[in-house]
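Visitor: Please show me the model, and then take me through it by question and answer.

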Amino acid sequence: MSAQFSAGVELKPSTIERGAQPGEVIDEVFTLVNVSNTEQVYYLLTKDISGVGDEGMPIFADAGAEVTGFELSTWVSYSPDPITLKPKETKDVPVKISVP
């Protein structure tokens, strides 16, 4: 007897690159996909990036890190409710970006 377990999540798009003017509000939609074989509960959060590593991977800022004025996580709002997805299920997640 053997069991196979697949876990994971997919978020599309993985990045948004666009210009914005001060005071502009941008509405975006991300698609969250449960790629596992079991029901999963997802909790969304935002984190600031303090830099980029040698291989292009983001370096996330520690909570309570020095404030530089370039923190973007405060610009983003979305429903804080957990998202429960059945296996292979997808859900669109509306996100609002408010440029100060």
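Guide: Buried means under 20% relative accessible area, exposed over 50%, and partly exposed in between, with a 1.4 Å probe and protein chains only. This is a predicted model, in which local features need pLDDT of at least 70 and side-chain atom pairs count only at pLDDT 80 or more, while totals for chains, interfaces and linings use all residues. Residues are numbered from 1 along each chain as its sequence is written, and side-chain values use heavy atoms, with hydrogens and water left out.

Visitor: Is Leu 85 buried or exposed?

Guide: Leu 85 lies in strand S7; strands (E, at least two residues) and helices (H or I, at least four) are DSSP runs numbered from the N terminus. Contact means heavy atoms within 4.5 Å, and beyond four places in sequence Leu 85 is in contact with residues including Leu 32, Tyr 42 and Thr 90. Its relative accessibility is 1%, so Leu 85 counts as buried.

Visitor: How many residues make up the largest nonpolar core?

Guide: A nonpolar core is a set of buried Ala, Val, Leu, Ile, Met, Phe, Trp, Tyr and Cys residues joined through side-chain atoms within 4.5 Å. Here the largest one holds Ile 26, Phe 30, Leu 32, Tyr 42, Ile 83, Leu 85, Val 93, Val 95 and Ile 97. Two or more residues each come from strand S2 (25-34), strand S7 (83-85) and strand S8 (90-98). The core's total is 9 residues.

Visitor: Which residues does Ile 26 touch, not counting those up to four places away in sequence?

Guide: Ile 26 is itself one of the core residues, as are Val 95 and Ile 97. With residues up to four places away in sequence set aside, the residues that Ile 26 touches are Arg 18, Ala 20, Val 95, Lys 96 and Ile 97.

Visitor: Why is the protein said to be more spread out than a compact globule?

Guide: The secondary structure comes to 0 helices and 8 strands. The globule rule is 2.2 Å times the number of residues to the power 0.38, and the radius of gyration is taken over C-alpha atoms. For 100 residues the rule gives 13 Å, and the protein is more spread out than a compact globule because its radius of gyration is well over that, at 16 Å.

Visitor: What does the C-alpha trace span along its principal axes?

Guide: Of the 100 residues, 18% count as buried. Among contacts with a separation of 6 or more, 63% are between residues 24 or more positions apart. Along the principal axes, the C-alpha trace spans about 55 × 30 × 25 Å.

Visitor: What is the relative accessible area of Ser 73?

Guide: Ser 73 sits in the loop between strand S5 (58-60) and strand S6 (76-77). Leaving out residues up to four places away in sequence, Ser 73 touches Thr 46, Lys 47 and Asp 48. Ser 73 counts as buried because its relative accessible area is 17%.

Visitor: Is Ala 65 buried or partly exposed?

Guide: Ala 65 also has its place in the loop between S5 and S6. Its C-alpha is 9.3 Å from that of Ser 50, 15 residues away in sequence. With a relative accessible area of 37%, Ala 65 is partly exposed.

Visitor: What is omega for the cis peptide bond that joins Lys 12 and Pro 13?

Guide: Pro 13 is in the loop between strand S1 (9-12) and S2. For the cis bond joining Lys 12 and Pro 13, omega is about -10°.
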